[in-house]
Amino acid sequence: DRTAPQVSIELGNAAQMLEPGIFEVSIKVTVTSKIEDKTVFLVEVTQAGIFQIRNVPEENLELIAGITCPNILFPYAREAVSDLVVRAGFPPVLLNPINFEALFAQQKQQQAEAPATH
């Protein structure tokens, strides 16, 4: 009688301006598979890209770096996770599509609710 592993997924993303109009955007995916309190496997992938964003109003840059760029990177991170897990001899882990718009809105809300520290 084998217990099915519990798979948890953590996702994070970051963006930084390298120079005006040039951004490095990365997404980090951590997939952990556990049976009870024993870790079966842990895969962590960071997929990054350099994006040139020009002729966009300043107020839209954050949206593009936080939503559009991660959407472009995600399929590559998804493939890397799947490939690593299968190569290690485990059943495939296919990550569901991520709604980066909702994730971005959630991060903004958390930042707004966080007490300002001075």
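The side chain of Thr 30 makes a polar contact with the side chain of Glu 44, at 2.8 Å. A polar contact here is a pair of N or O atoms within 3.5 Å; within protein, one must be able to donate a hydrogen and the other to accept it, and residues adjacent in sequence count only if both atoms are side-chain atoms. The model is predicted: local features need pLDDT of at least 70, side-chain atom pairs count only at pLDDT 80 or more, and totals for chains, interfaces and linings use all residues. Residues are numbered from 1 along each chain as its sequence is written, and side-chain values use heavy atoms, with hydrogens and water left out.

Thr 30 belongs to strand β2, residues 22-35. Helices (H or I, at least four residues) and strands (E, at least two) are DSSP runs, numbered from the N terminus. With a relative accessible area of 9%, Thr 30 is buried. Buried means under 20% relative accessible area, exposed over 50%, and partly exposed in between (1.4 Å probe, protein chains only).

Apart from its neighbours within four places in sequence, Thr 30 is in contact (heavy atoms within 4.5 Å) with Ser 8, Ile 9, Glu 10, Leu 42, Val 43 and Glu 44. One of these, Ile 9, lies in strand β1, residues 6-19. Ile 9 is partly exposed, at a relative accessible area of 47%. Although 21 residues separate Ile 9 and Thr 30 in sequence, their C-alpha atoms are 5.6 Å apart. Not counting residues up to four places away in sequence, Ile 9 touches Val 29, Thr 30, Val 31 and Leu 95.

**Aromatic pairs**

The whole structure holds 2 aromatic pairs. Rings of Phe, Tyr and Trp (its six-membered ring) pair if their centres lie within 6.5 Å; planes under 30 degrees apart count as stacked, over 60 as edge-to-face and the rest as tilted.

| Pair | Ring centres | Plane angle | Class |
|---|---|---|---|
| Phe 41 and Phe 90 | 4.8 Å apart | 40° | tilted |
| Phe 74 and Phe 100 | 5.9 Å apart | 70° | edge-to-face |

Phe 41 sits in strand β3 (residues 38-52) and Phe 90 in the loop between α1 (58-87) and α2 (100-113), so their pair ties together parts 49 residues apart in sequence. Phe 41 counts as buried at 11% relative accessibility, while Phe 90 counts as partly exposed at 27%.
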